[in-house]
Amino acid sequence: MANDYVYNRVLLKLSGEALAGDLGYGIDPKVVDDLAEQIGEIVRDGVQIAIVVGGGNIFRGVAGSTEGMDRAQADYIGMLATVMNALALQDSFERHGIYSRVQSAINMQEVSEPYIRRRAIRHLEKGRVVILAAGTGNPYFTTDTTAALRACELDVDWLMKATKVDGIYDADPVKNPDAKRFDRLSYLDAINDENIEVMDGTALTLCMDNEVPMIVFDLTKPNNISRALKGEPVGTTVE
């Protein structure tokens, strides 16, 4: 593959908060534009990329439920937030000359395609970025679990979880300067260690059972997506 990429098809999990950038809320056009530029170069080199995007920059279902909202209703609102983020990403991709498709787990035919596994794979094979919105379409499931599920369904080589830290630590590195970073970690260790908060247990178990390897890396450092795809040590791998 061109430019020494070691993976052919990957799924990138983006948090909604990542799209907010320094604004802290909503969508920062500069962040989205930079993402489109980075991913566009990779796609042009032949890597197939699907993206699962969260909605925490607009609304978090769990947070809504703690304030007294019905949990299922709050989760549906959160799913709609992910669709907004997906459409913003699609707009930026296409302004950079990259073809993309938004596929939503909740039917919204005016703004997106329905999620259909075979159609998503076909889009990837044609060099289109597939942006997967609205989670699984069901309440009580996180977008981390969505990412794990779609990674299994789309038979990706790697699940890439983009965060604001450079990997997985044995404690919160912001609160504990002595926290130790792992270079590699087994899924079983990630599931059993209560101090590791990389993904929810459902997502981790799904990846482990279906042998989908994962990397957790820092999205805020320039070109880290490309560096990770070339096998450079930019985060923590989980297998």
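M199 sits in the loop that runs between α7 (187-192) and α8; helices here are DSSP runs of H or I with at least four residues, strands are runs of E with at least two, and both are numbered from the N terminus. With a relative accessibility of 9%, M199 counts as buried (buried is under 20% relative accessible area, exposed is over 50% and partly exposed lies in between, using a 1.4 Å probe and protein chains only). Setting aside neighbours within four places in sequence, M199 is in contact with D144, L159, K161, L204 and M214, where contact means heavy atoms within 4.5 Å. Q73 is another matter: 126 residues separate M199 and Q73 along the chain, and their C-alpha atoms are 23 Å apart.

A word on what you're looking at: this is a predicted model, with local features needing pLDDT of at least 70 and side-chain atom pairs counted only at pLDDT 80 or more, while totals for chains, interfaces and linings use all residues. Residues are numbered from 1 along each chain as its sequence is written, and side-chain values use heavy atoms, leaving out hydrogens and water.

**Two helix pairs**

Two packed helices are described by the angle between their axes and the distance between the axes. The axes are lines fitted to C-alpha atoms, for helices over the stretch in contact, and the angles run from 0 to 180 degrees between N-to-C directions.

Start with helix α6 (residues 143-153) and helix α8 (residues 201-209), which pack at about 15° with axes 8 Å apart. That angle makes α6 roughly parallel to α8 (under 35 degrees is roughly parallel, over 145 roughly antiparallel, 65 to 115 roughly perpendicular, and the rest oblique). The α6 and α8 crossing is left-handed, meaning that the near helix is turned anticlockwise from the far one by less than a right angle; clockwise would be right-handed. On the α6 side the contact is made by D144, T145, A148, L149 and C152, and α8 brings T202, A203, L206 and C207. Sorted by class, this contact of α6 with α8 has 6 nonpolar, 2 polar and 1 charged residues. The classes go like this: Ala, Val, Leu, Ile, Met, Phe, Trp, Tyr, Cys and Pro are nonpolar, Asp, Glu, Lys and Arg are charged, and the others, Gly among them, are polar. D144 of α6 also turns up in the list of residues that M199 touches.

Then there's helix α2 (residues 29-44) with α4, whose axes come within 9 Å and cross at roughly 55°. So α2 and α4 are oblique to each other, and their crossing is right-handed. From α2 come V32, D33, L35, A36 and I39, and from α4 come A88, L89, S92, F93 and R95. The residues of that contact split into 7 nonpolar, 1 polar and 2 charged.

Q90 counts as buried, at 17% relative accessibility. Beyond neighbours within four places in sequence, Q90 contacts S100, R101, V102 and I131. D75 also counts as buried, at 10%. Leaving out neighbours within four places again, D75 contacts G61, V62, P139 and Y140. G56 is 19 residues from D75 in sequence and 11 Å away, C-alpha to C-alpha.

Most residues other than glycine have a negative phi, and most peptide bonds are trans. Here are two residues that go the other way on phi:

| Residue | Phi | Loop |
|---|---|---|
| N223 | about 65° | between β10 (214-218) and α9 (224-229) |

A134 counts as buried, at 0% relative accessibility, whereas N223 is partly exposed, at 42%.

E211, in the loop between α8 and β10, is exposed, with a relative accessible area of 71%. E211 and Y187 are 24 residues apart in sequence and 9.5 Å apart in space, C-alpha to C-alpha.

**An aromatic pair**

Searching the whole structure turns up 1 aromatic pair. Y7 and W158 are stacked, 4.1 Å centre to centre and with 15° between the planes. Rings of Phe, Tyr and Trp (its six-membered ring) pair if their centres lie within 6.5 Å; planes under 30 degrees apart are stacked, over 60 edge-to-face, and the rest tilted. The pair links distant parts of the chain, with Y7 in the segment before β1 (9-14) and W158 in strand β6 (residues 158-163), 151 residues apart. Both Y7 and W158 are buried.
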